[in-house]
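Please consult the sequence and the structure shown below while reading.

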Amino acid sequence: MYRILVEDDEGGVGTLIAKYAKYEGHEISEAVDGMQAVEMCREGKYDIAIVDIMMPELDGFSACREIRKFSDIPIIMLSARGEEYDKINGFEVGVDDYVVKPFSPKELMLRIDAVMKRYSSGAKSETENTNEIVELGGLVADVTARTVMIDGVRADMTPKEYDLFFYFLKNRNIALTREKLISEVWGYDYFGDDRTLDTHIKLLRRSLGKYADHIVTLRGVGYRFE
């Protein structure tokens with residue numbers, strides 16, 4: 001059972017999500033605006049948050065940005081817009097998945113399950129890691145602490161950028177297909193598409209700055225971290 005916080009500007013959508021989630025045995029709480037969602041997340045009572053972009057008081061992007069200041073709770077963003085700009089914005093502020101309306105409640109519940117599995121798996125692997133530090137010139141990555149320093153300055157990456165980057169580090173100099181990256185970093189049951197991977201590669205390269213060329217594009221195959 002998951003404790004789910006739903007923040008949606010359309011009462012009908014929120015009610016439908018709540019009805020379906022409760023049917024599957026989950027506990028639902030609803031926020032009426034972005035400010036309330038931030039405060040409810042601050043209480044730390046929820047396993048995952050479903051956040052709409054268009055919200056009164058505080059929009060979804062701003063709400064996620066505020067939540068990420070104090071919590072790494074998994075977040076799924078809802079939007080009636082499917083433009084790449086909005087998706088990039090969402091991933092930049094740290095959302096774990098992006099769902100475009102209209103969607104079926106069943107699809108959303110499957111996405112929630114997929115995100116929670118990845119989140120639980122990531123938390124488990126972090127506790128099992130031995131301390132490992134990788135240095136590539138001025139690029140220094142502490143695998144256990146999940147920190148990346150670039151020329152002495154800590155890189156500001158989203159949770160998914162960290163996941164992708166550390167997977168690259170563990171598989172240095174290995175050609176990784178797009179399918180392999182998606183299945184390992186997002187999970188075999190991920191419901192997104194290849195464009196999500198491309199978006200995160202773009203964001204990760206930007207975060208790495210002058211070290212971006214360590215990520216090599218293999219045309220027709222995928223990527224390799226050299």
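Predicted model: local features only at pLDDT ≥ 70, side-chain atom pairs only at ≥ 80, totals over all residues.

Which residue in S8 is the bridge partner of valine 140? The answer is methionine 149.

Strands S6, S7, S8 and S9 form an open sheet, in the order S6-S7-S8-S9, with antiparallel pairing. The edges are held by strand S6 (133–136) and strand S9 (153–154); each has a single partner strand, so one side of each has no neighbour in the sheet. In general, strands of a sheet pair through backbone hydrogen bonds, in a parallel or an antiparallel manner.

Four bridges join S6 to strand S7 (residues 139–142) in the antiparallel sense. Across this pairing, isoleucine 133 stands opposite aspartate 142 in S7, and glutamate 135 has valine 140 of S7 as its bridge partner. S7 also pairs with strand S8 (residues 147–150), again antiparallel and over four bridges.

## Helix pairs

The axes of helix H2 (residues 34–42) and helix H3 (residues 60–67) come within 9 Å of each other and cross at roughly 20°. H2 is therefore roughly parallel to H3, and their crossing is right-handed. On the H2 side, the residues that meet H3 are Gly34, Val38 and Cys41; their counterparts in H3 are Ala63, Glu66 and Ile67.

Helix H6 (residues 159–170) packs with helix H7 (residues 178–186) at an angle of about 120°, and their axes lie 10 Å apart. The two helices are therefore oblique to each other. From H6, the contact involves Lys160, Asp163, Leu164, Tyr167 and Phe168, while H7 contributes Lys180, Leu181, Glu184, Val185 and Trp186. The crossing of H6 and H7 is right-handed.

## Helix H4 and lysine 87

Lysine 87 is located in helix H4 (residues 84–92).

Leaving aside residues up to four places away in sequence, lysine 87 touches Gly82, Tyr98 and Val100. After H4 comes glycine 94, which has a positive phi near 100°.

## The cysteines

How many disulfides does a search of the whole structure find? The search finds zero. Cysteine 41 takes part in no disulfide, and the nearest cysteine sulfur, in cysteine 64, is 8.6 Å away. A disulfide is a covalent bond between the sulfur atoms of two cysteines. The 8.6 Å between the sulfurs of cysteine 64 and cysteine 41 is too far for a bond, because a disulfide requires the sulfur atoms to be within 2.5 Å.

Both cysteines are buried: cysteine 41 has a relative accessible area of 5%, and cysteine 64 has a relative accessibility of 0%.

Terms used: Residues numbered from 1 in each chain as written. Heavy atoms only, no water. Buried < 20%, exposed > 50% of the residue type's maximum accessible area, 1.4 Å probe, protein only. Contact = heavy atoms within 4.5 Å. Pairing = 2+ DSSP bridges. Axes fitted to C-alpha atoms, helices over the stretch in contact; angles between N-to-C directions. Parallel < 35°, antiparallel > 145°, perpendicular 65-115°, else oblique. Left-handed = near helix turned anticlockwise from the far one by under 90°.
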